[in-house]
Amino acid sequence: MAAPVKVYGPPMSTAVSRVLACLIEKDVDFQLISLNMSKGEHKKPEYLKIQPFGQVPAFQDESISLFESRSICRYICEKHGDKGNKELYGTNPLAKASIDQWLEAEAQSFNPPSSTLVFQLAFAPLMKIKQNPSAIKENEDKLAKVLQVYDKRLGESRFLGGDEFSLADLSHLPNTQYLISAAKDKMEDLFTSNDNVGRWWAEISSRDSWKEVVRMQNNTPN
C-alpha cells in the first residue's frame with residue numbers, strides 16, 4: 001500500500017486549502033504537515049529543498065516533490081484519475097482544455113483582486129495593519145468585472161468548466177470563503193448580485209470536500 005502523500009503548510013493558507021480540497025475530492029490519503037511560519041520554518045534549509053521559494057504548500061509523493069498549488073492539483077488528478085471524483089480534471093482533451101482555460105482565468109483574472117481583498121479584509125485586521133480603502137475599492141471594482149464575465153458563462157453551463165464540478169470551480173473556493181467570511185454583507189452582495197454566480201457559489205461551497213477543509217481550518221490552533 002502506497003504511503004500517504006505529504007502536504008506542507010497550514011490549512012488556513014488559501015493555496016494549501018486548494019490542495020487539501022483536491023485530495024479529498026479524489027479520495028487520496030494524505031498527511032498534513034503544518035509549518036510554524038511565524039518561526040520561519042518555511043525558510044529552513046531542509047524545507048527549501050522541496051520548496052525553493054520558501055512558500056506553501058509543498059507536496060511530496062514518495063520521491064517526487066512539487067510546489068505551486070494548481071500544478072499539484074493537476075498532478076493529483078492525473079495520477080489518480082480512477083479515484084474519487086473522476087470529472088475533477090476532465091476525462092477527454094476538450095474537457096481538460098475547458099477546465100484549464102478557466103483555471104487560467106482564476107489565476108490571472110480572479111486571483112489578483114480577490115487576493116488583495118483577502119489580505120485587506122481578512123488578514124490586515126488580524127495583523128493589526130491599517131486597511132487601505134483605495135486598494136479595497138479598486139479591487140472590488142476589478143473583481144466585480146470578473147464576476148460579470150463569470151455570470152455570463154454560468155448562464156451557459158452549470159459550472160465554469162462545463163456541466164461537472166472541476167478544478168476550475170474548486171480553485172475559487174479558498175479566496176471566496178475568506179472574502180465572504182471577512183465582509184459578509186458587502187462580499188456576499190458582490191457575488192449574489194450576479195444570479196448565476198450566486199447559484200454557483202452556493203453549490204460549490206456546500207460540497208462535502210470543502211466543508212471538511214473548513215472544519216480542518218476551524219480546528220487549527222491560533
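Reader: Let me start with a detail: which helix do R215 and E212 both lie in, and how many residues apart are they?

Author: Before anything else, please keep in mind that this is a predicted model. R215 and E212 both belong to helix α10, which covers residues 208-218, and they sit 3 residues apart, about one turn of the helix. The two form a salt bridge, with their closest N and O atoms 2.6 Å apart.

Reader: And how does accessibility class R215 and E212?

Author: R215 counts as partly exposed, because its relative accessibility is 40%, and E212 also falls in the partly exposed class, at 29%.

Reader: Why would side chains like that pair up at all?

Author: In general terms, side chains of opposite charge can pair when their charged atoms come close.

Reader: How many salt bridges does a search of the whole structure find?

Author: The search of the whole structure finds 12 salt bridges. One of them joins D61 to K79, where the closest N and O atoms are 2.6 Å apart. D61 lies in strand β3 (residues 58-61) and K79 in helix α3 (residues 69-79), so this pair ties together parts that are 18 residues apart in sequence.

Reader: Is D61 buried or exposed?

Author: D61 counts as buried, because its relative accessibility is 5% and the cut-off for buried is under 20%.

Reader: What about K152 and E156, are they buried or exposed?

Author: K152 is exposed, and E156 is exposed too. These two residues form a salt bridge in which the closest N and O atoms are 3.2 Å apart.

Reader: Which residues are linked in a network of salt bridges?

Author: R18, R70 and E106 are linked in such a network.

Reader: Changing topic, into which domains is the chain divided?

Author: The chain is divided into domain 1, residues 3-85, and domain 2, residues 91-209. Their C-alpha centres lie 22 Å apart, and the contact between them takes 14 residues from domain 1 and 16 residues from domain 2.

Reader: Where does UniProt place the feature "domain: GST N-terminal"?

Author: The UniProt record, an unreviewed entry, places that feature at residues 3-84. Over residues 3-84 the chain is 33% helix and 20% strand, with the end C-alpha atoms 18 Å apart.

Reader: Back to the two domains, what area is buried between domain 1 and domain 2?

Author: About 1,300 Å² is buried between domain 1 and domain 2, and carbon and sulfur atoms give 54% of that area. Across this interface there are 5 salt bridges, as well as 7 residue pairs in polar contact, with both residues at pLDDT 80 or more. On the side of domain 1 that touches domain 2, α1 (14-25) and α3 each supply at least two residues, and the largest share, 7 residues, comes from α1.

Reader: And which side chain does K96 meet in a salt bridge?

Author: The side chain of K96 meets that of E78, with a distance of 3.6 Å from N to O.

How values were computed
Residues numbered from 1 in each chain as written. Predicted model: local features only at pLDDT ≥ 70, side-chain atom pairs only at ≥ 80, totals over all residues. Heavy atoms only, no water. Salt bridge = Lys/Arg side-chain N within 4 Å of Asp/Glu carboxyl O. Helix = DSSP H or I, 4+ residues; strand = E, 2+ residues; numbered from the N terminus. Buried < 20%, exposed > 50% of the residue type's maximum accessible area, 1.4 Å probe, protein only. UniProt positions renumbered as here; feature names shortened; annotations may be inferred. Domains from an automatic or database assignment. Contact = heavy atoms within 4.5 Å. Buried area = accessible area lost by both parts, 1.4 Å probe. Polar contact = N/O pair within 3.5 Å; in protein donor to acceptor, adjacent residues only side chain to side chain.
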